[in-house]
Amino acid sequence: DAGHPLLAATLPLAGGDGVVLTGRLSLAAQPWLADHAVLGTVLVPGTAFVELAVRAGDQAGCPALEELTLSAPLVLREQDAVAIQVAVGGPDDEGRRELTIHSRPEGRDEWTAHAAGVLAPAAAAEPAGLAEWPPAGAEPVDVTGFYDTLAASGFGYGPAFRGLRAAWRAGEEVYAEVALPEQQQAGAFGLHPALLDAALHALGLRDGETGPRLPFAWTGVTLHAAGAAALRVRLRPGIGDAVAVDVADATGAPVASVAGLVLRPVSAEQLRGPDGGDSLFHVEWTPIPVPETTGGRYAVIGPDPLGLVAGLGSAGTVESYVDLADLGRSTEDTGEEPQFVFSAIRHSPQPKDRAGFALDLVRAWLADDRFSTARLVLVTRGAVGAVDGDRVPDLTAAPVWGLLRSAQFENPGRLVLVDLDDEDPRSAALLGAVASGEPQLALRDGRALAARLVRAGSSELLRVPAEGNWRLDTTGPGTLENLALLPNPLPETLEPGHVRVAIRAAGMNFRDVLIGLGMYPGEPIMGIEGAGVVLECGEGVTGLKPGDKVLGFFPGSFGPRSVADQRMLAKMPEGWSFSEAASVPIVFLTAYYGLVDLAGLRAGESVLIHAGAGGVGMAAIQLARHLGAEVYATASPGKWDVLRASGLDDAHLASSRTTGFAELFREASGGRGVDVVLNALTQEFVDASFALMPRGGRFLEMGKADVRDAGDVAAAHPGVAYQAFDLVEAGPDRIRELFTEVIALFEAGALTPLPVRTWDVRRAPEAFRFVSQAKHVGKVVLTMPSCFGPGTVLITGGTGALGGLLARRLVTGHGVRDLVLLSRRGPDAPGAAEL
């Protein structure tokens, strides 16, 4: 038994001279903690960590708390309990011991570090005390209404912490009397945390105190006497910005001393807790094990646009039926009921029509006793976003999921929802998934995923800094595990011709992966392109104003804010999403600059585009076909369908994994070869490409890993003009013109945005690994965490209790200034006028 109200047990560490003290905190077990609320959040006070550390020091024979630094707040929620662990290490040569304090919500695996410090064996000499009281020359301070003033600034102290009784000032020193309420028992504590916290409240009486501030770092803490219920306190300037604290009992005898206490400002964002708020949940799709399935009888009803019959054919007997009635007649004739009945949700551009079809089918299924033991599996493709990067192309089927979830709750065990990806359904994966018993499933890359409700902060998300601007960067090159969101201060004043933009989405390029791995030359910054909303324009900016949606080139675009030269930006075309716009600048301007400006590609000429399924490759194919050129392209065989979808036949596509493309394209061109090469390959692939230019031509090198000398190339391959290039060489003025020319082609329908896969920037490591493995087609885009821009927010049910709370939160917490509250009774609803 630890013999302490906050601690339950003391355990010696095996194999060493350390000790661990454990306990459990909750508002039910320690209700007085609920009286310590800061900015609307109940926190364990910093003085409680001091109490825990001092108690651990007594247990380890080190009564002096030499230093204690608090790293994260410990938030207590009404229904939750947290386990706490105070760990004391073995002594060093001088007897000092390191100390850490961690917590873990019950039912969770992750521990959060809250404090770290050092305990010492020798306590400071006992000070003289505060026998003269009140001190001579000290001026009394009226503390009437003191706690009401604190509440207005964010400190919602309840009775247990409202201990300040009187105060005096003498120069830079503040004196105070504090006491615990009668119902609080002080004797079991060394120094009750509520009492010591109340002693620090008098700091609010100092001149110049503004905003909520909480203890951050303690030094030289010594407890001289235990169990005090009333205190005399002196607060005086310490070293630097620290405050020294002298604490005595009601007779003036020393109780405790603090050589230095440093406080720091605190924001509501910092008090959300380490996981972003335990009360917030979201749906996460989690891989599940699936049973093996052998044999069985299955049925597919209705049209089969997803290839279900073919996909299930290898797993058992699969029969196709026109509709449910047709299946019912067969069941009556044979007396055999299928184990699973599959139906693809019929395609329709109208969500209402698709939901109506699903509703009619489900109603008929549930009303037919012939299928009482079978399960109806309704199948969609691309209707839900199950993993980061899902494009959800079939949004009109998404309402079907919402409708059928309700049907599942009302009829458990009768219905299954499955969403497929772009791959053909595989019998083992699909049947194993539905046989798992899960009601809602998604198949991605052959894996079965099930929907789970998880705490919003339990996923492995990069932590967003609580304050200030930030951007994605690396804490150290060499591994993608070092990716982090780091502070990125921006200039407060804009230079002439520059624009401040709120980034909504940012395009990823392979250079970003190389930067993360430390393989890119120089000291580049991750993120160079994106799309967002203009916030501010510097002197001399024309054609742009705050509120305009723009795309373009931004330094450090993997963050919420950036500043850019106006010449590197363009207005977004109407109807584009931010993700689409962010995918355009690098790939389309690079393709246009290379093929038009440098190569001068003309109608009737031929061009070889390497890595044709990549971003620049796909953009270049579109552009070259628009220019009237004959296009040859390479890609990995798994991506040939992408080239075919771009308009190339099999005679004009080849593998980028071997040099066999040279012979294939030589034959296809009748020995003429090509006039232009747009290259992204290296070594023998470059040489094979030169061999495809027997009549000379223009060879444009985009890569950085195998740049050749133009003179050497010309000598070895007469007539071949070799040029390595980078878009940045075009310069801001030409880039501005390129935007105008390229966007005009989009608006004319000659070009279309590429396929896009998106990741939240907080999941950047996953996106970087995806790009590094060359899995993507088209473009990968990172989106910024949701924020509310200058527009209007509409809340349906906005005058109800929940709607009113949401409206207030949007105004006070997110800066929203334009709200529309929609409800049946409108302004006549109770409480509408107050809202």
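1. Which residues gather in a patch of negative charge on the surface? In this predicted model, the patch is formed by Glu-67, Asp-92, Asp-93 and Glu-98. Patches are made of residues with over 30% relative accessible area and no salt bridge, like charges being joined within 9 Å and nonpolar side chains (Val, Leu, Ile, Met, Phe, Trp, Tyr) within 5 Å. Lys and Arg count as positive and Asp and Glu as negative, with His and the chain ends not counted, and the place of a charge is taken as NZ of Lys, CZ of Arg, CG of Asp or CD of Glu. Glu-67 belongs to strand β5 (residues 64-70), and its relative accessible area of 36% makes it partly exposed; buried means under 20% relative accessible area, exposed over 50%, and partly exposed in between (1.4 Å probe, protein chains only).

2. On conventions, the model is a predicted one, in which local features need pLDDT of at least 70 and side-chain atom pairs count only at pLDDT 80 or more, while totals for chains, interfaces and linings use all residues. Residues are numbered from 1 along each chain as its sequence is written, and side-chain values use heavy atoms, with hydrogens and water left out.

3. As to the overall layout, the C-alpha trace of the chain spans about 105 × 80 × 70 Å along its principal axes, and 51% of the 835 residues count as buried. The chain has 19 helices and 41 strands, where helices (H or I, at least four residues) and strands (E, at least two) are DSSP runs numbered from the N terminus. The division into domains, whose bounds come from an automatic or database domain assignment, gives domain 1 (7-120), domain 2 (139-271), domain 3 (286-455), domain 4 (470-573), domain 5 (585-748) and domain 6 (793-834). Taken over C-alpha atoms, the centres of domain 2 and domain 6 are separated by 40 Å.

4. Val-820 sits in strand β41 (residues 819-822) and counts as partly exposed at 37% relative accessibility.

5. Helix α11 (residues 585-598) deserves a separate remark, because eleven of its 14 residues are buried and the helix is therefore largely enclosed by the rest of the structure. The buried residues of α11 include Ile-586, Val-587, Phe-588 and Leu-589, along with Tyr-592 and Tyr-593. Gly-600, which follows α11, has a positive phi near 60°.

6. The structure holds 36 salt bridges, each defined as a side-chain nitrogen of Lys or Arg within 4 Å of a carboxyl oxygen of Asp or Glu. One of them joins the side chains of Arg-297 and Glu-319 (3.1 Å, N to O). Arg-297 lies in strand β18 (residues 297-301) and Glu-319 in strand β19 (residues 317-321), so the pair ties together parts that are 22 residues apart in sequence. Arg-297 is buried, with a relative accessible area of 13%, whereas Glu-319 is partly exposed at 29%.

7. Another salt bridge is formed by Arg-695 with Asp-675, their closest N and O atoms being 3.3 Å apart. Because Arg-695 lies in the loop between α15 (684-690) and β36 (697-701), and Asp-675 in the loop between α14 (661-668) and β35 (676-679), this pair ties together parts that are 20 residues apart in sequence. Asp-675 counts as buried at 12% relative accessibility.

8. Within helix α17 (residues 731-747), Arg-734 and Glu-737 are three residues apart and so are separated by about one helical turn; their side chains meet in a salt bridge (3.1 Å, N to O). Arg-734 is buried, with a relative accessible area of 18%, while Glu-737 is partly exposed at 42%. Both residues belong to a network of salt bridges that also links Asp-597 and Glu-741.

9. Two pairs illustrate separations across the chain. Asp-421, in the loop between β22 (415-420) and α8 (427-435), is buried with a relative accessible area of 16%, and lies 215 residues from Arg-206 in sequence and 63 Å from Arg-206 in space, C-alpha to C-alpha.

How values were computed. Areas by Shrake-Rupley, 256 points an atom, 1.4 Å probe, with all protein chains shown as cover.
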